[in-house]
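Trainee: I am new to this structure. Could we go through it with a few questions?

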Amino acid sequence: MNYRHGFHAGNHADCLKHALLTALIRLLQNKPGGLAILDTHAGTGRYRLDGEEAGRTGEWKDGIGRLLDISPEDPALAHWLGLVRNRGPQVYPGSPDIAAGMLRPQDRLVCCELHPEDAATLRRLFRGNPAVAVHERDGYGAIRALWPVRGFTRGLILMDPPFEKSDDFERLAEAVAEARRRLRGACVAIWYPVKHRTPVRSFFDRLRDQGERGLLATELLLRPPTDPSRLNGSGLLLINPPWKFDETARKITDTLARRLGNEESRGSVEWIVPE
Ligand SMILES: C[S@@+](CC[C@H](N)C(=O)[O-])C[C@H]1O[C@@H](n2cnc3c(N)ncnc32)[C@H](O)[C@@H]1O
């Protein structure tokens, strides 16, 4: 396990993922029933932008660094930026911190992180918060062990692996099947890198072949994905997203493409398999 998210915190891919995650949770909370959120690859929860890791790459400067002083009209984007600003200068909230900050009294968050040090950091962040559980364990396996969260019939799973291994797409597809078998109405969000189109298309085909419906791909491409040695962009794939999420996602991806990219950059939202 070499991947440390601290080097990439707040970069363009994090901005896409976290802005969309905030929008997703907002829409799911339109219904009063309790929502359980499972973050299978949680990281440390909070990152110092002036710290050793983020400071070394400076990736955040072309991500959140370009957004902090804007006031977007879109309420979902404004909500996420408000959460980021509330953490204070030079602090960037990761997915568990965002989700925890949005929980209503009836909601719960369960986080899995395999790296022992990162899991310990995350546990410290949520110490004393009874609405959040942190497990040092494999996030894929957690679906069998911890899902659905006991007492909850509404759920969201975020899967955000580091893509260090060649079989991540394979494991994600298996995890989706297991998650949806266990709670049909759950919404699943999967972050994926776009280096080249081919592996992403094969992943979508695999999900389609295993019978998944309601697949919505939301992407921010900085440049056409022709050089597979670079992170040319990224996407968040939604399975069974809430009503009208596509409209919100379109506004978010368009704004991010304009703010974080150049004339080659594109935001896109596409139904891969309709509902
Ligand atoms: C991309 S980072 C997560 C970032 C986080 N979701 C966020 O948005 O703030 C991926 C994390 O997964 C962890 N990880 C790697 N393999 C894992 C596994 N099998 N189960 C759980 N966590 C894993 C890594 O240590 C790393 O912290």
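Mentor: Contact here means heavy atoms within 4.5 Å. Keep in mind that the model is predicted.

Trainee: Which residues does Thr248 touch, not counting residues up to four places away in sequence?

Mentor: Thr248 lies in helix 9, residues 245-260. Leaving out residues up to four places away in sequence, the contacts of Thr248 are Ala23, Leu27 and Ala76.

Trainee: Is Thr248 buried or exposed, and what is its relative accessible area?

Mentor: Buried means under 20% relative accessible area. Thr248 counts as buried because its relative accessible area is 17%.

Trainee: What covers the buried residues of helix 9?

Mentor: The buried residues of helix 9 include Phe245, Thr248, Ile252 and Leu256. Among the elements that cover the buried residues of helix 9 are strand 8, strand 9, strand 10, helix 3 and helix 1.

Trainee: How many aromatic pairs does a search of the whole structure find, and what is the angle between the planes of Phe163 and Trp191?

Mentor: The search finds 5 aromatic pairs. Phe163 and Trp191 form an edge-to-face pair, 5.9 Å centre to centre, and the angle between the planes is 70°.

Trainee: Why is the pair of Phe169 and Phe203 tilted?

Mentor: Planes under 30 degrees apart count as stacked and those over 60 as edge-to-face, with the rest tilted. The ring centres of Phe169 and Phe203 are 4.8 Å apart, and the pair is tilted because the planes are at 35°.

Trainee: Which residue has its charged end over the ring of Trp191?

Mentor: Trp191 belongs to one aromatic cluster with Phe163, Phe169, Tyr192, Phe203 and Phe204. The charged end over the ring of Trp191, 5.9 Å from its centre, is that of Lys17.

Conventions. Residues are numbered from 1 along each chain as its sequence is written. This is a predicted model: local features need pLDDT of at least 70, side-chain atom pairs count only at pLDDT 80 or more; totals for chains, interfaces and linings use all residues. Side-chain values use heavy atoms; hydrogens and water are left out. Helices (H or I, at least four residues) and strands (E, at least two) are DSSP runs, numbered from the N terminus. Buried means under 20% relative accessible area, exposed over 50%, partly exposed in between (1.4 Å probe, protein chains only). Rings of Phe, Tyr and Trp (its six-membered ring) pair if their centres lie within 6.5 Å; planes under 30 degrees apart count as stacked, over 60 as edge-to-face and the rest as tilted. A charge sits over a ring if NZ of Lys or CZ of Arg is within 6 Å of the ring centre and within 35 degrees of the ring normal.
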